[in-house]
Amino acid sequence: MSSTPQDKAKTPEVFTNLKTKTPPSNSVGFGAIKAAVGHVAKYMNPADAFKISLKLNQKGGFDCPGCAWPDPDDERSSLGEFCENGIKAMAEEAQKKTIGAEFFAKHTVDELASWSDFEIGKSGRLSEPMCLEKGGTSYQPISWNDAFSKVATHLNKLNSPDEAVFYTSGRTTNEAAFLYQLFVREFGTSNLPDCSNMCHEASGSALSETLGIGKGSVTLDDLYKAEVVMVIGQNPATNHPRMLTALEKCKANGGKIIAINPLPEAGLIKFTNPQNPLKLLTGGTKIADVFVPITINGDVAFIKALLIKLLEKEEFVGGVFDKEFIKEFTHGYDGFISDLKTYNFNDCLKLSGVSKNIFDEVFNLILNNNKIIICWAMGLTQHQNAVDNIRELVNLLLLKGSIGKEGAGTCPVRGHSNVQGDRTVGIWESAPQAFLDKIEAKYGFKPSTKHGYSVIDAIKAMYEKKAKVFFGMGGNFISAVPDTQYAARALGNCDLTVHVSTKLNRSHLVTGNEALILPCLGRSEKDYQKSGIQVQSVENSMGIVSSTKGVLEPCSKALISEVAVVCGIANATLKGKTKINWLQYKDDYNLVRNDIQEVVEGFNDYNSKLKQPSGFYLPNGARVREFKTKTGKANFSVNKLPEWKLKERELIMMTIRSHDQFNTTIYGLNDRYRGIYNERRIVFMNREDMKIRGLQEQQVVNLKSEFNGVVREAHHFKVVGYGIPKNCCATYFPETNVLVPLDSFAHTAKTPASKSVIITVEAD
Ligand SMILES: Nc1nc2c(c(=O)[nH]1)N[C@H]1C(S)=C(S)[C@@H](COP(=O)(O)OP(=O)(O)OC[C@H]3O[C@@H](n4cnc5c(=O)[nH]c(N)nc54)[C@H](O)[C@@H]3O)O[C@H]1N2
Ligand SMILES: Nc1nc2c(c(=O)[nH]1)N[C@H]1C(S)=C(S)[C@@H](COP(=O)(O)OP(=O)(O)OC[C@H]3O[C@@H](n4cnc5c(=O)[nH]c(N)nc54)[C@H](O)[C@@H]3O)O[C@H]1N2
Ligand SMILES: [Mo]
């Protein structure tokens with residue numbers, strides 16, 4: 001009897017021997033170089049490592065599959081755009097080891113599911129297509145043609161195309177993503193959930209409504225020229241390390257940095273640039289001029305407190321707001337101001353958990369400067385009131401006229417390296433009608449105008465057996481989504497689950513009746529097709545589209561590209577019905593780009609512009625004060641204070657990334673910048689909260705969340721006393737995704753509220 005999907009979805013509850021040290025006050029520096037070199041030596045062959053390090057994020061090289069931080073337009077360091085975690089991302093993909101038929105014959109699905117995520121990831125690169133037949137206990141090899149036919153047969157026997165779900169993670173290139181959504185739409189559904197639904201969807205919703213574009217407005221150059229940069233709800237030293245170089249440059253030009261975070265993250269405090277040998281010796285730059293230790297989800301309250309004081313100053317002294325900008329470019333000022341007046345400053349400050357002294361420092365910086373940039377990431381987007389968080393920040397920028405001018409604006413720092421590009425080219429369950437019309441005009445079929453399933457809707461649909469085929473283009477759905485146990489049952493209900501992947505992950509083990517693993521080329525690998533080695537393209541966090549071309553030989557001859565996978569499946573599924581010559585695209589990706597330029601705004605002359613060494617900028621209305629909103633202006637918004645309250649003994653928990661992981665891929669078991677070694681099953685707690693509960697350092701505890709009467713549990717974590725505000729705690733994602741309720745998500749955006757999970761901690 002094999003184990004249930006729920007059993008297989010859980011991360012094993014075993015400890016790996018926790019050691020703790022005092023967290024360092026500095027990030028990057030020698031430690032980062034040492035860690036990166038060590039990682040490369042362990043997992044890659046040295047010649048490949050050398051080739052890669054010369055080409056990573058260089059003009060004409062390939063785009064790092066790590067984060068979406070942009071590369072400088074001008075000079076790039078000859079050392080490589082060095083970043084410890086970029087190197088780790090690379091080493092993870094360009095591993096020496098491969099796994100195929102022999103490996104899967106040796107290890108049953110049940111056995112693999114009992115491994116930790118770290119062990120699963122370290123097994124090696126997937127090297128040939130594999131199939132798990134109905135009732136099977138192990139994956140068996142399958143040919144590409146048979147795999148395509150199997151997908152086609154399942155899709156074509158559905159009662160409606162809406163019974164299939166097509167997920168995308170954010171590494172897929174523009175070319176593969178465009179073809180993928182085109183196939184899905186021609187097949188007849190808009191069920192295109194993506195990782196963005198769990199990531200920056202709230203930013204997209206808030207920014208589209210207020211500024212008319214779901215992306216940020218600034219460039220790297222703006223960051224260098226800003227007077228104040230607020231980094232809120234983001235941990236750049238780990239997740240966007242090259243951003244620290246930009247912040248350092250901003251400071252060298254006289255800019256000030258405000259960091260707002262419940263944790264004193266090392267990189268926010270101090271940074272040693274690895275490209276600057278002098279700094280390596282002298283100890284680096286102090287990054288944050290003001291550090292604000294905010295309560296989890298205290299951000300709306302804190303920003304409101306700032307807005308109230310700014311308004312007071314404007315009314316009594318004047319000269320604080322950019323009146324001309326407000327008059328000419330904005331809408332909704334009066335309503336916003338009259339709502340603001342109903343709030344009390346002291347109440348707001350109290351809710352934020354910030355002291356008056358620290359508040360005053362932030363206030364003075366905002367008051368006295370007009371070139372302000374606000375950078376944020378998951379610390380703001382993964383709450384029920386996430387959209388309010390971001391709209392409130394926009395209110396602040398609008399009052400100061402700090403948008404659409406040099407050194408000022410919005411900077412949602414994106415996650416996956418091409419998550420922004422995927423959305424631009426049509427990975428969207430609720431794509432705008434104008435885009436669908438262009439598809440119809442170009443290809444002659446009518447795409448579904450129904451609102452498709454987002455991630456949360458897709459899980460529910462599979463659970464309720466309204467969806468029967470799950471197809472994942474990259475990613476690790478079961479580990480990334482909330483409510484792991486519910487989601488496992490949902491996937492288990494499917495007739496077929498399919499994953500296009502580079503590496504083995506838990507999603508391959510939590511399957512429907514039948515399952516396929518379709519292994520594909522990674523970014524670093526050469527993509528040989530009929531017309532030669534192919535170039536692809538990606539869009540970074542600042543809306544720059546650039547080319548990416550692999551440099552290594554593929555790790556297995558059986559691998560095909562994501563583009564080829566899509567073409568193969570589309571051809572098999574839509575045979576006889578399609579209006580599109582699907583197989584032509586895989587021979588020459590220029591043809592895909594020719595299509596993209598006809599359908600998506602801003603891509604004219606795509607093929608020739610892609611040859612520019614630094615790529616090209618997409619149009620961005622907010623950057624030039626053209627606000628494409630319903631009112632034609634930048635909109636002020638009215639946002640309530642969040643209403644959650646903790647009952648006695650409850651804590652609010654954020655699920656965060658360690659320094660040694662890329663989302664669900666676990667590079668290692670350390671979290672060096674937080675002083676954690678060799679363990680992931682920990683809960684960071686305020687020492688007073690530990691005392692109240694009678695908990696000791698390293699005591700074993702169980703965590704429980706209760707939401708709408710449903711109790712969810714995660715067992716076996718060790719308590720670590722830490723500098724986190726009272727009533728707050730932190731654990732690592734994905735180990736605690738079992739505790740995140742499916743129905744706790746951001747209004748409007750449906751982003752799971754995985755940074756505000758209310759839990760209790762009990763001794764084991
Ligand atoms: N090396 C590496 N790089 C990555 C990733 C990775 O896993 N590893 N993931 C990529 C992806 S997909 C993404 S989306 C980004 C994620 O990048 P981040 O958003 O930086 O990642 P998280 O670890 O989720 O960190 C959230 C930060 O917000 C803080 N925070 C949590 N709750 C709150 C709150 O209520 N208010 C405030 N002000 N702060 C809060 C946390 O203390 C933490 O510092 O990174 C991308 N880059
Ligand atoms: N509790 C909690 N949950 C979260 C978050 C959180 O902060 N807390 N963060 C959320 C966020 S921001 C995100 S973006 C999601 C991430 O969700 P996903 O994007 O679904 O997860 P990843 O871990 O990035 O996916 C890793 C897998 O992608 C595959 N892969 C890697 N490179 C490639 C490639 O080039 N092509 C293909 N086809 N496959 C590839 C590998 O097989 C690898 O195992 O998780 C979300 N979940
Ligand atoms: Mo993300």
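A residue counts as buried when its relative accessible area is under 20%. By that rule, seven of the ten residues of helix H13 (residues 243-252) are buried, so the helix is largely enclosed by the rest of the structure. The model is predicted.

**Helix H13**

- The buried residues of H13 are Met-243, Leu-244, Ala-246, Leu-247, Glu-248, Cys-250 and Lys-251.

**Ligand 1**

- Around ligand 1 there are 32 residues, and those that come nearest are Asn-261, Glu-265, Asn-297, Gln-661 and Asn-663.
- The side chain of Asn-261 has an N or O atom 2.7 Å from an oxygen atom of ligand 1.
- In the side chain of Arg-657, an N or O atom is 2.8 Å from an oxygen atom of ligand 1.
- Gln-661 uses its backbone: a backbone N or O atom lies 2.7 Å from a nitrogen atom of ligand 1.
- Ligand 1 exposes 920 Å² when taken alone, and the protein buries 99% of that.
- Helix H12 (236-239), helix H21 (378-381), strand E25 (651-656) and strand E26 (661-662) each give at least two residues to the shell around ligand 1.
- Domain 1 (201-412) and domain 2 (649-763) each contribute at least three residues to the shell around ligand 1.
- Sorted by class, the shell around ligand 1 holds 13 nonpolar, 15 polar and four charged residues.

**Ligand 2**

- Ligand 2 is surrounded by 30 residues, and the closest are Tyr-167, Ser-169, Ala-480, Glu-562 and Thr-664.
- An oxygen atom of ligand 2 lies 2.7 Å from a polar side-chain atom of Ser-169.
- The side chain of Thr-664 has an N or O atom 2.6 Å from an oxygen atom of ligand 2.
- At Thr-502, a polar side-chain atom lies 3.2 Å from a nitrogen atom of ligand 2.
- Taken alone, ligand 2 exposes 930 Å², of which the protein buries 96%.
- The shell around ligand 2 is made up of ten nonpolar, 15 polar and five charged residues.

- An unreviewed UniProt entry carries the annotation "domain: Molybdopterin dinucleotide-binding" for residues 651-757.
- Across residues 651-757 the chain is 6% helix and 39% strand, and the C-alpha atoms at the ends are 8 Å apart.
- Pro-734 is in the loop between strand E32 (728-732) and strand E33 (757-763).
- The peptide bond that joins Phe-733 and Pro-734 is cis, with omega about 10°.
- Thr-748 also has its place in the loop between E32 and E33.
- Phi of Thr-748 is near 70°, which is a positive value in a residue other than glycine.
- Thr-748 has a relative accessible area of 61%, over the 50% cut-off, so this residue is exposed.

- Ser-352 belongs to helix H19 (residues 345-352).
- Because its relative accessibility is 0%, Ser-352 counts as buried.
- The side chain of Ser-352 reaches the backbone oxygen of Leu-349 at 2.7 Å, and a polar atom of the Ser-352 side chain lies 3.3 Å from the backbone nitrogen of Val-354.
- Asp-605 is placed in the loop between helix H30 (589-599) and helix H31 (606-609).
- Asp-605 is a residue other than glycine with a positive phi, near 55°.

Notes. Residues are numbered from 1 along each chain as its sequence is written. Chains are lettered from A and ligands numbered from 1 in the order in which they are written. This is a predicted model: local features need pLDDT of at least 70, side-chain atom pairs count only at pLDDT 80 or more; totals for chains, interfaces and linings use all residues. Side-chain values use heavy atoms; hydrogens and water are left out. A residue is near a molecule or strand if one of its heavy atoms lies within 4 Å of it. A polar contact is a pair of N or O atoms within 3.5 Å; within protein, one must be able to donate a hydrogen and the other to accept it, and residues adjacent in sequence count only if both atoms are side-chain atoms. Accessible areas come from the Shrake-Rupley method with a 1.4 Å probe; for residues, only the protein chains shown count as cover. Ala, Val, Leu, Ile, Met, Phe, Trp, Tyr, Cys and Pro count as nonpolar, Asp, Glu, Lys and Arg as charged, and the others, Gly among them, as polar. Buried means under 20% relative accessible area, exposed over 50%, partly exposed in between (1.4 Å probe, protein chains only). Helices (H or I, at least four residues) and strands (E, at least two) are DSSP runs, numbered from the N terminus. Domain bounds come from an automatic or database domain assignment. UniProt positions are given in the numbering used here, feature names are shortened, and annotations may be inferred rather than shown by experiment.
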